[in-house]
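This report is for a reader who has not seen the structure before. Please look through the sequence and the model, then read on.

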Amino acid sequence: MRPLISTTDLAAALAGPAAGRPVVLDVRWRLAGPPGAESYREGHVPGAVFVDLDRALAAEPGEGGRHPLPAPADLQRDLRAAGVRTGHPVVAYDDADGSVAARAWWLLRWAGHEEVAVLDGGYAAWSAEGHPVSTEQADPEPGDIEVRPGAMPVLDADEAAALARDGLLLDARATPRYAGETEPVDPRAGHIPGAVNAPFSGHIADNGRWHAPAELAARFADLGLRPGEPVGAYCGSGVTASSVVLALELAGHPGAGLYAGSWSHWSRNPDRPAATGPLPG
């Protein structure tokens with residue numbers, strides 16, 4: 001399954017035979033609120049199941065960062081409750097820049113579930129195009145997915161530091177945070193030494209859809225990525241960096257590593273260095 005699905009293709013799939021309809025996950029979330037569950041109740045893709053980032057797509061914040069990876073057993077429980085079945089397609093969407101949907105995509109891929117895609121343009125495109133919406137709460141049949149973690153590479157802090165030195169480590173945060181000019185959330189400002197700034201907002205066009213693969217490939221080439229070079233990504237807490245991994249796959253660079261703890265994990269340890277300012281060139 002390709003990483004992205006269009007609103008037209010999703011609408012066609014949902015109008016088809018029940019046995020072939022994808023499980024649709026509404027993962028709307030905002031750092032400053034309002035809660036995504038409220039938006040879900042106001043209207044969602046028909047049949048979509050609301051899945052909360054903080055409760056289902058991450059473990060409790062702590063030493064591992066603000067959005068650590070969930071325990072496999074917990075993720076399996078929550079995905080089964082959402083109706084996710086082995087070998088059955090899943091589509092995730094949010095209503096912003098696609099980064100939270102990309103987190104769901106990445107987690108399912110990490111869990112060994114390949115049949116998953118992000119809705120291109122998200123809920124905004126779906127509703128703007130006049131596709132049907134519903135306020136009915138979904139009550140899916142329990143799924144049977146078996147979570148087998150490890151299908152997508154995960155970086156720890158030491159591996160991220162090594163990649164920044166010997167390959168290409170992309171920092172998905174906005175430039176002021178990368179440069180250390182501001183840090184509104186995490187313990188210290190700055191970035192992992194050697195990391196290259198690649199704001200996740202650069203993956204999305206003005207119309208809210210993802211850039212074409214050729215445009216993404218050109219962007220990563222401009223950032224210094226060479227064919228076959230090891231590459232990985234991090235952000236504040238491992239959410240928006242998932243969109244970098246997805247964009248890399250679209251651009252023809254599959255299998256990028258994700259530093260799941262990201263800056264919220266790195267910056268907790270005062271012994272880890274923090275660079276500031278943009279890299280030269």
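The sections below describe a sheet, a core, a helix pair and a few single residues in turn.

## Basis

The structure is a predicted model. Residue numbers start from 1 along each chain, following the sequence as written.

## The parallel sheet

An open sheet is built from 5 strands, which come in the order β6-β10-β9-β7-β8. The pairing in this sheet is parallel. At its edges are β6 and β8 (196-197), each of which pairs on one side only. In general, strands of a sheet pair through backbone hydrogen bonds, and the pairing may be parallel or antiparallel.

The bridge partner of V154 in β10 is L258. Elsewhere in the sheet, strand β9 (residues 231-234) and β7 pair in the parallel sense, here over 4 bridges. β7 is also joined to β8 by 2 bridges, and these two strands run parallel.

## Strand β7 and residue D171

Strand β7 covers residues 168-171. L168 and L170 point one way from this strand, while L169 and D171 point the other way. Are these residues buried or exposed? All of them are buried.

D171 has a bridge partner in each of two strands. In β9, D171 stands opposite Y234. In β8, the bridge partner of D171 is N197.

## The largest nonpolar core

The largest nonpolar core has 54 residues, and the members that touch the most others are L25, L170 and F220. Helix α5 (residues 99-110) gives the largest share of this core, 9 residues. In soluble globular proteins, nonpolar side chains tend to be buried together.

What does L25 touch, leaving aside its neighbours within four places in sequence? L25 is in contact with V49, V51, A82, V90, V91, A92, Y93 and L108.

## Helices α5 and α10

Helix α5 packs against helix α10 (residues 240-250). The angle between them is about 70 degrees, and their axes are 7 Å apart. The two helices are therefore roughly perpendicular to each other, as angles of 65 to 115 degrees are counted in that class.

From α5, the contact is made by S99, A102, R103, W105, W106 and R109. From α10, T240, S242, S243, V245, L246 and E249 take part.

## H44 and S134

H44 is placed in the loop between α2 (36-42) and β3 (49-50). S134 lies in another loop, between α6 (122-128) and β6 (154-155). The two residues are 90 residues apart along the chain, yet their C-alpha atoms are separated by 5.4 Å. H44 has a relative accessible area of 0% and so is buried. S134 also counts as buried, because its relative accessibility is 15% and the limit for buried is under 20%.

Which residues does H44 touch, not counting those up to four places away in sequence? They are D26, R28, Y93, Y123, P132, V133, S134, T135 and E136. With its own neighbours within four places left aside, S134 is in contact with G43, H44 and P46. Both side chains have a polar atom close to the backbone of E136: for H44 the distance to the backbone oxygen is 2.8 Å, and for S134 the distance to the backbone nitrogen is 3.0 Å.

S262 is found in helix α11. This residue is buried, with a relative accessible area of 0%. Its side chain reaches the backbone oxygen of Y259 at 2.7 Å. Leaving aside neighbours within four places in sequence, S262 is in contact with Y234, C235, G236, S237 and G238. Y234 is also the residue of β9 that stands opposite D171.

A274 lies in the segment after α11 (262-266). Is A274 buried, exposed or partly exposed? A274 is partly exposed, with a relative accessible area of 33%. Beyond its neighbours within four places in sequence, A274 is in contact with R188, A189, H191 and W263. The C-alpha atoms of A274 and G98 are separated by 28 Å, and these residues are 176 residues apart along the chain.

Methods:
This is a predicted model: local features need pLDDT of at least 70, side-chain atom pairs count only at pLDDT 80 or more; totals for chains, interfaces and linings use all residues. Side-chain values use heavy atoms; hydrogens and water are left out. Buried means under 20% relative accessible area, exposed over 50%, partly exposed in between (1.4 Å probe, protein chains only). Contact means heavy atoms within 4.5 Å. A polar contact is a pair of N or O atoms within 3.5 Å; within protein, one must be able to donate a hydrogen and the other to accept it, and residues adjacent in sequence count only if both atoms are side-chain atoms. A nonpolar core is a set of buried Ala, Val, Leu, Ile, Met, Phe, Trp, Tyr and Cys residues joined through side-chain atoms within 4.5 Å. Two strands pair if DSSP finds at least two bridges between them. Axes are lines fitted to C-alpha atoms, for helices over the stretch in contact, and angles run from 0 to 180 degrees between N-to-C directions. Angles under 35 degrees count as roughly parallel, over 145 as roughly antiparallel, 65 to 115 as roughly perpendicular and the rest as oblique.
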